[in-house]
Amino acid sequence: MTVGLKEGSEQTNTTYSKIEDPATSMSAPAAAAVKTDKTREEILAEREAKKAAKLAAKTKSKDKETPAQEKLQQNAPTTAKTKEQRPAKLKAERTASPAELKKSSTDASICEKMKELHISDGPAAVVGVAEKAEAKELTKAERKALFEAKNPSLAGSVPEGAKPGKPALSKAERRAIQEAQRAAKTQTQQAKKRDTAPSAAGAAKQDSKKAPKADTESSTTKSPAKKAAPTVASYVGTGPPRKHIVNLFNHLHQPKFAATEIVNSPTLHPAVTKLGIQYAKGAVVGSKARCLALLKVLNQLIHDYETPPEKEFGRSFEEMLNVSANHLQRCRPFSVSMTNALRHVKMYTRQLDGKVSVSEQKECLLESIESYIRDQIEKAEEAICSSVQDKICDGDVILTYGCSSLIKHILEEAIRRKKTFRVIIVNARPRQDENAMLEELVQLGVKCMCVLINAVSYVMPEVTKVLLGAHALLANGSVMSRVGTAQIALVAKSYNVPVLVCCETHKFTERVQTDAFVYNEIGNPNELVLAPRTRDNVEAKPMLADWETITSLTILNLHYDVTPPELVTAVVTEVAILPCTSVPVILRIKPSDVTY
């Protein structure tokens, strides 16, 4: 039994030893794996060193390629020594690996990969590469030091004795500096012009006094060549400089243009040039008067127009019409009545029959203009006048403002019908057209009273009706009329006085406007500064005669304002007496030429 137990114990010991062998075999690959991790890091370092060496070899010249190869050959024995110096445990583990390790695929693959690995460079090569990189870094630092010594202004720290460089500026700062320099330059130029103008005028006066007659004769012969062509600004009036402009109305200012564009122009008819000057000077005022003057000029254009060769009358005349309209628009913006009349003529021009002779086409256009004047202006005025007569009673006190030709015709018709009433005419600067209306009504035997617009609230309690004209009636029901109309309508609304606006339908427009800022006209500011009696008198100077020299003062002369529909009782048209909100209905039932 003892013998059997010993044999059994020996067998168990052998089995234990066999079992322990795999453990040792498992520990061996683990150790190998740990060792392989270290070798991988070395391999990565060696690869990086190779890449750095290749880059260095590319940058170097061909002559320096041989020393690099010699260095690599010298480094090869060191790698061999490092291989020999590896611990003997790995070799023993590889040689004494048991048969069980070969059975596992993972262990076999690891062993094969370890055998295939070939390390060409050792740690000495890595050290050499690191030394090269340090040498490169030193050269860069040296270069930087040399560059800073040569260019101290660009360096971060300015050396002693060197001048400090200019600070680096951004694009916005440079742009601001340039704009400031340009503004200063323009100011100096304007100051020079102002200083030279009076001095030149004084010198000319002194020379003219001292010079003999012969010199004056020679100067008169040379004067036509020296004189510049008169500009349209002389007709428009001395416009304010750019510094005296309200930014809110900056879009309403029109640039001035030279007279050389219009004098003896081959594309403009002389009648068009004359009408443009009259518009600019303010000789033709009023929506109706301006529209009639435009239609009269168009009538003359049709008579004098000659069709160019190989062109149709309708198309060529429309081109010439557009050029003339653009010129008149530059002299003064069109009123709504002028725009509608021009659309009417253009519509008939496009509907002309090209097969008919030119004379017949001209007759068709002339008839359309005559019918427009007769139906849209004259008959409409008569219809409005007759409808308003029913609203005027004996003993009424009628207040009017704006000197509308339609209101004047209504009052004259009421006098013919022998109605007894009294008229209060409101006057406001800068226009003084109400004075002419006052004289005419007084000559007809009407009791009249003239007050300024700032005294309307004192007169309004005795007023029974307010009759107002209109420049245009907008699609939202607002009334566009002479500036000050909205103030009178507001005061009348507070005293419960009815406000009647007399307006023809050819002044209706599809434009919508709630204030007087979007679209308006700006007049000459000197009209507000100079009193009407002292405008022609040069010796009488008002307090603000030199207002242009005051930079902080800006004078604004607006032509129109917008009255909201809530302040208007009714609008009297040739169709009927309607509320202001019925403007879209009138535009819908009107012929298409008005809204074309």
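Select helix H10 (residues 270-281) and colour its buried positions: Ala 271, Val 272, Thr 273, Leu 275, Gly 276, Tyr 279 and Ala 280. Buried means under 20% relative accessible area, exposed over 50%, and partly exposed in between, with a 1.4 Å probe and protein chains only. Helices (H or I, at least four residues) and strands (E, at least two) are DSSP runs, numbered from the N terminus. The model is predicted: local features need pLDDT of at least 70, side-chain atom pairs count only at pLDDT 80 or more, and totals for chains, interfaces and linings use all residues. Residues are numbered from 1 along each chain as its sequence is written, and side-chain values use heavy atoms, leaving out hydrogens and water.

From its first C-alpha to its last, the 12-residue H10 reaches 17 Å, close to the expected 16 Å; the expected span is 1.5 Å times one less than the number of residues. Just after H10, Gly 282 takes a positive phi of about 85 degrees.

Next, select helices H11 (residues 287-304) and H12 (residues 313-331), which pack at an angle of about 145 degrees with their axes 12 Å apart. Axes are lines fitted to C-alpha atoms, for helices over the stretch in contact, and angles run from 0 to 180 degrees between N-to-C directions. Show the side chains of Leu 294, Leu 298, Leu 301 and Ile 302 in H11, which meet Phe 317, Met 320, Leu 321, Ser 324 and Leu 328 in H12; contact means heavy atoms within 4.5 Å.

Most residues other than glycine have a negative phi, and most peptide bonds are trans.

- Cys 403 lies in the loop between strand E1 (396-401) and helix H15 (405-416). Its phi is positive, about 55 degrees, and Cys 403 is buried at 18% relative accessible area.
- Lys 418 is in the loop between H15 and E2. Its phi is also positive, about 60 degrees, and Lys 418 is exposed at 74% relative accessibility.
- Pro 430 is in the loop between strand E2 (421-427) and helix H16 (434-443). A cis peptide bond joins Arg 429 to Pro 430, with omega about 5 degrees.

Finally, select the open sheet of three strands, ordered E5-E6-E8 with antiparallel pairing. Strands E5 (472-473) and E8 (560-563) stand at the edges with a single partner strand each, so one side of each is left without a neighbour in the sheet. Two strands pair if DSSP finds at least two bridges between them; four bridges join E6 (residues 479-482) to E8. Arg 482 stands opposite Tyr 560 in E8.
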